[in-house]
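Student: I would like to learn how to read the pairing of charged side chains and the layout of a sheet in a model like this one. Could you take me through them step by step?

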Amino acid sequence: MYCYKTKGTCSRAIDIEVKDNEIESVRFVGGCTGNTTGVAALAKGMTLDEATSRLKRIQCPNGSSCPDHVARALAAYHALMTQSIIGRRKGSPPFRHSTQ
């Protein structure tokens, strides 16, 4: 599960589960229940690229939105996974955790 902290939206965070480049689940922490439940249900089953292209730049009156933050979270997740795969040696775990 990937947890993305939001800024400038009613929700405080978004938890996303992805398997084989497909969104398995999206869960919002906080936010407008109807909107966040709807966005989560619509994103389920989409590829990362499809969901990102459909949801990015959707705006609320305050300048951002929960759908836009799902797109941002997916882009951040993709970047993290790409960096993890490129930077790791054969046989090493996919993520390195710092104790500092």
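Student: What is the relative accessible area of Arg 72, and how is Arg 72 classed?

Tutor: The general idea is a pair of cut-offs, since buried means under 20% relative accessible area, exposed over 50%, and partly exposed in between, with a 1.4 Å probe and protein chains only. Here Arg 72 has a relative accessible area of 37% and is partly exposed, whereas Asp 68, at 5%, counts as buried. Bear in mind that this is a predicted model, in which local features need pLDDT of at least 70, side-chain atom pairs count only at pLDDT 80 or more, and totals for chains, interfaces and linings use all residues. Residues are numbered from 1 along each chain as its sequence is written, and side-chain values use heavy atoms, with hydrogens and water left out.

Student: Which residue forms a salt bridge with Arg 72?

Tutor: A salt bridge is a side-chain nitrogen of Lys or Arg within 4 Å of a carboxyl oxygen of Asp or Glu. The partner of Arg 72 is Asp 68, with the closest N and O atoms 2.9 Å apart; both lie in helix α3 (residues 66-87), four residues apart, about one turn of the helix. Helices (H or I, at least four residues) and strands (E, at least two) are DSSP runs, numbered from the N terminus.

Student: How many salt bridges does this rule count?

Tutor: The count comes to three. One of them joins Glu 50 and Arg 54 at 3.3 Å, N to O, again four residues apart, in helix α2 (residues 48-55); Glu 50 is partly exposed at 30%, while Arg 54 is exposed at 53%. Another is between the side chains of Asp 15 and Arg 27, at 2.6 Å, N to O. Asp 15 lies in strand β2 and Arg 27 in strand β3, so this pair ties together parts twelve residues apart in sequence.

Student: In what order do the strands of the sheet lie?

Tutor: Strands of a sheet pair through backbone hydrogen bonds, either parallel or antiparallel, and two strands are taken to pair if DSSP finds at least two bridges between them. In this model three strands form an open sheet in the order β1-β2-β3, with antiparallel pairing. The edge strands, each pairing on one side only, are β1 (2-5) and β3 (22-30). Between β1 and β2 (residues 11-19) there are four bridges, and Lys 5 has Ala 13 of β2 as its bridge partner.
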